[in-house]
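The following paragraphs lead the reader through one protein structure. Please keep the sequence and the 3D view at hand while reading.

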Amino acid sequence: MKKFLITACSLLLLSGFAVIVTACQSSSQEEADLSLEEVDPSPEEVDPSLTEVWDPVPAEVDPGDAGTAPSDAIVLFDGTDLSEWTGNDGPPAWEVKDGAFTVVPETGTLTTIRAFGDVQLHLEWRSPTEIVGEGQGRGNSGVYLMGLYEVQILDSYDNRTYSNGQAGSIYKQFIPEVNATRPPGEWQSYDIIFMAPRFDTNGSLERPATMTVLHNGVLIQNHVTLRGPTEYRGEPEYEAHAAKLPLTLQDHTNPVSFRNIWVRELQNYQSY
Ligand code: MG
């Protein structure tokens, strides 16, 4: 009986301790949330260099080959036409040639006709063979999940820029773990697993977006939690949006090419 009482008392003490620890954690989380709310939301005056991170520099690794579309994928480009896409003001103006399509500078963003939420996305891209420009001006494009969350496309082969803006970065939010970029003129692949954010009926964030990215088969983003939509200036901040939105490809005035793009809509996948 005495032993039973000692055990029962010990359990009660441990439960009390757990409650106190949980309360402390909640309190520090609330403080963190408050400090986030105090950040000025993206005014045009903010110097974009304030959010550039140049160190650490991801180590270079040798990438493998790209894959092909699984049978349950929606093929967004099979080498023939841009029938799954639209331009800013009508049909896409980007050039389709030799099984690929290429940005025609300053003709605007390419947007899928279909909308997507949680997806596995595969796409292949190629920086121009002729090297023009440097840093962010060299082979720049980008794939935006839901048109909002950018995985940077850039010629990051021997081309230094801020680390959270190089190829495979989740632009201005996450530096890639390594730099798996192939030389300009060679085809490269991205495989992206994206879980869309969830908002409640009042528009409050229930669950942030998460992303996993493989570059040329190499894991470079491992289930990272996004702080909000991509922002060039200032800090990101979530705003409620639809459960599904189109994918977009960026016209950053560099003639980046694309091929073999497919997407699998994720259903019944547990991410938490
Ligand atoms: Mg870009």
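**A walk from the core to a loop**

Leaving aside residues up to four places away in sequence, Phe194 touches Asp118, Val119, Leu121, Leu145, Ala209 and Met211; two residues are in contact if their C-beta atoms, placed from the backbone, lie within 7 Å. The model is a predicted one, in which local features need pLDDT of at least 70 and side-chain atom pairs count only at pLDDT 80 or more, while totals for chains, interfaces and linings use all residues. Residues are numbered from 1 along each chain as its sequence is written.

Phe194 and Val143 are the residues with the most contacts inside the largest nonpolar core, which has 44 residues. Such a core is a set of buried Ala, Val, Leu, Ile, Met, Phe, Trp, Tyr and Cys residues joined through C-beta atoms within 7 Å. Several strands each supply at least two residues of this core, among them S7, strand S8 (141-145), strand S9 (149-153) and strand S11 (187-195). A residue is buried if 20 or more other C-beta atoms lie within 10 Å of its own, exposed if 12 or fewer, and partly exposed in between, with C-beta atoms placed from the backbone. Buried residues make up 32% of the 272 residues in the protein.

The protein has one helix and 17 strands; these are DSSP runs numbered from the N terminus, with helices (H or I) of at least four residues and strands (E) of at least two. Of the contacts between residues at least 6 apart in sequence, 68% join residues at least 24 apart.

Strand S8 deserves a separate look. Five of its five residues are buried. Ser141, Val143 and Leu145 lie on one side of S8, and Gly142 and Tyr144 on the other, so that both faces are covered. S8 pairs with S9 in the antiparallel sense over five bridges, where strands pair if DSSP finds at least two bridges between them. Within this pairing, Leu145 stands opposite Tyr149 in S9. The two strands form a hairpin with three residues between them, and Met146 in the turn has a positive phi of about 60 degrees. S8 also pairs with strand S16 (residues 248-249), in the antiparallel sense over two bridges, and there Tyr144 has Thr248 as its bridge partner.

The C-alpha atoms of Met146 and Ala115, 31 residues apart along the chain, are separated by 7.5 Å. Ala115 is placed in the loop between strand S6 (110-112) and strand S7 (119-126). Because 14 other C-beta atoms lie within 10 Å, Ala115 is partly exposed. Not counting residues up to four places away in sequence, Ala115 touches Lys244, Leu245 and Pro246.
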